[in-house]
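Good morning, everyone. Please look at the model on the screen while I talk.

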Amino acid sequence: MNTTRRSLLTGTAALAALALTGCGLGGGSSTDGPLVVMADATPHTEILEKVQELGLLGETKIEVKGITGDIDPNQLLESGDVDANFFQHVPYLTSWQKEKGVDDLAVAATTHVEPLGIYSKKLTDLKDVPNGATVALAADPTNLSRGLLLLQDAKLLTLNVKSTDKDLDYAQITEKNITANPKGLNFLKIDRPQLPATLDDQQATISVINGANALEAGLKPSTDAIVSESTVDNPFANVVAVKAEKKDDPRVAKLAEALQSQQLQDWIKSNYQGSVLPAKQS
């Protein structure tokens, strides 16, 4: 079983953060100014824009900063350069804090699920995956484990853990947990934003792509994915993260209320037509 790591991004998070600060990102806002939220473009920024358009924030103002390049949104949140971020799920946040040796970032709101999917331009049925095929997966630990769990659900391999296992540490699941690999799959680990590009790479037969990255690449997860993960009790729901000390900030509370409102959740369901789903479906 061959594993390759390939990174297509350049630069460092520190340099990117300095560049952003130089361009006016500045620090987090005081409680009487707009709440500065760093977010991915799709669907996170779109969701924040809809919240404002629907008037769900009342008098509360937010300022959205896009995530670009090799920026680490959690590092900027930790350092106080932004008030909140909106791009990740809890297993990723937990893994990041453990890796950095911090524990002061907290979840302010749970919003939606972006189903992980298996995609290919080379086949339409996973029964046709050839022996020795290469699978492109996310390189970061929690999304690597998420991809491996989906491959197990698709019966392409077997792990010694299941997603339903209590207190599962997603960051610790790797290829070492594979107990059966009948097709002799090889794994190519790629930075998440670059995964859609592997669909045109002759080296990869199938690619396991996060919902947000698929949407940004013009894919429609609900119809283009060969297989998607279940959203029932899905532990990978996206969240708004803040410093723990800001959880009681009234602006944070208002944003959380707006994002979890029935009106916004109904819009997510209708607008994304299954490609993004409310975390709590009615």
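Let's start with helix 4, residues 90-100. Its buried residues are Pro91, Leu93, Ser95, Trp96 and Gln97. Buried means under 20% relative accessible area; exposed is over 50%, and partly exposed lies in between, with a 1.4 Å probe and protein chains only. Helices (H or I, at least four residues) and strands (E, at least two) are DSSP runs, numbered from the N terminus.

A word on the source. This is a predicted model, where local features need pLDDT of at least 70 and side-chain atom pairs count only at pLDDT 80 or more, while totals for chains, interfaces and linings use all residues. Residues are numbered from 1 along each chain as its sequence is written, and side-chain values use heavy atoms, with hydrogens and water left out.

Back to helix 4. What do its buried residues pack against? They pack against helix 3 (73-78), strand 4, strand 5 (105-113), helix 5 and strand 13. Contact here means heavy atoms within 4.5 Å. After helix 4 comes Gly101, with a positive phi near 75°.

Strand 4 (residues 84-89) and strand 13 (residues 238-243) run antiparallel over 5 bridges. Two strands pair if DSSP finds at least two bridges between them. His89 has Asn238 in strand 13 as its bridge partner. Both strands sit in an open sheet of 6 strands, in the order 3-2-4-13-5-14, with mixed pairing. Strand 3 (62-66) and strand 14 (277-278) are the edges: each pairs on one side only.

Now the interior. A nonpolar core is a set of buried Ala, Val, Leu, Ile, Met, Phe, Trp, Tyr and Cys residues joined through side-chain atoms within 4.5 Å. Which members of the largest core touch the most other members? Of its 27 residues, they are Leu148, Leu151, Phe187 and Ile206. Strand 7 (134-138), helix 5 (141-153) and strand 11 (206-209) each give two or more residues to this core. Helix 5 gives the most, with 5 residues. Take Ile206. Beyond its neighbours within four places in sequence, its contacts include Ile118, Tyr119, Leu151 and Leu156. There is also a second, separate core of 25 residues, with Ala39, Ala84, Val252 and Ile268 among them.

Last, the whole chain. How many helices and strands does it have? The protein chain has 9 helices and 14 strands. Of its 282 residues, 53% count as buried. Among contacts with a separation of 6 or more, 78% join residues 24 or more positions apart.
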